[in-house]
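Subject: Structure handover

Hi,

Here is the structure for you to look over. My notes follow below it.

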Amino acid sequence: MFLIVDNTEEEKIIFTFLLNNKFVQRTFKTNKNKGILICLDKLLSNLGLKLKDIKYLGIVVGVGRFTASRLAATAFNTLAFSLKIPVVALPKNFDHTAAFKLAQLAVAGKYVVPIYSGEARVG
């Protein structure tokens with residue numbers, strides 16, 4: 001399974017995944033009590049899959065909120081590290097097939113650095 005997270009939009013997380021040679025998208029509403037890992041757990045549970053079924057990860061970077069970008073990068077880099085699988089950075093309007101080819105060429109042990117759309121707003 002190739003799994004991509006897009007955490008760039010307010011109050012929702014979009015997972016795009018390649019399963020059985022088909023790209024599928026699932027959107028989860030979020031709040032301060034329901035974040036990226038809870039949504040990922042729910043997604044995998046709904047699909048009847050486990051973390052070990054994930055072979056490649058992707059993270060949408062370069063747009064969105066500062067904290068959300070850092071959370072997505074931290075969570076998916078940690079998963080990539082613990083599962084010993086590749087993780088790649090993707091633009092907001094990524095091409096599914098090109099993203100999968102990029103992931104297949106990536107190597108485990110290299111991680112995504114979040115790219116921000118602007119300065120952090122503190123306060």
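Five strands make an open, mixed sheet, in the order 3-2-1-4-5. Strands are DSSP runs of E, at least two residues, and helices are runs of H or I, at least four, all numbered from the N terminus. Two strands pair if DSSP finds at least two bridges between them. Strand 3 (22-29) and strand 5 (87-90) are the edges, each pairing on one side only. From one strand to the next, the twist averages 20°.

This is a predicted model, numbered from 1 along each chain as its sequence is written. Local features need pLDDT of at least 70, side-chain atom pairs count only at pLDDT 80 or more, totals for chains, interfaces and linings use all residues, and side-chain values use heavy atoms, with hydrogens and water left out.

Strand 4 (residues 56-60) runs parallel to strand 5, joined by four bridges. Gly 58 has Val 88 of strand 5 as its bridge partner. Helix 2 (residues 66-83) packs on the sheet and touches strand 1, strand 2, strand 4 and strand 5. Contact means heavy atoms within 4.5 Å.

Now the cores. A nonpolar core is a set of buried Ala, Val, Leu, Ile, Met, Phe, Trp, Tyr and Cys residues joined through side-chain atoms within 4.5 Å; buried means under 20% relative accessible area (1.4 Å probe, protein chains only). The largest has 24 residues; Leu 3, Val 5, Phe 15, Leu 57, Ile 59 and Phe 76 touch the most other members. A second, separate core has nine residues, including Leu 18 and Phe 94.

Best wishes

Terms used:
Axes fitted to C-alpha atoms, helices over the stretch in contact; angles between N-to-C directions. Buried < 20%, exposed > 50% of the residue type's maximum accessible area, 1.4 Å probe, protein only.
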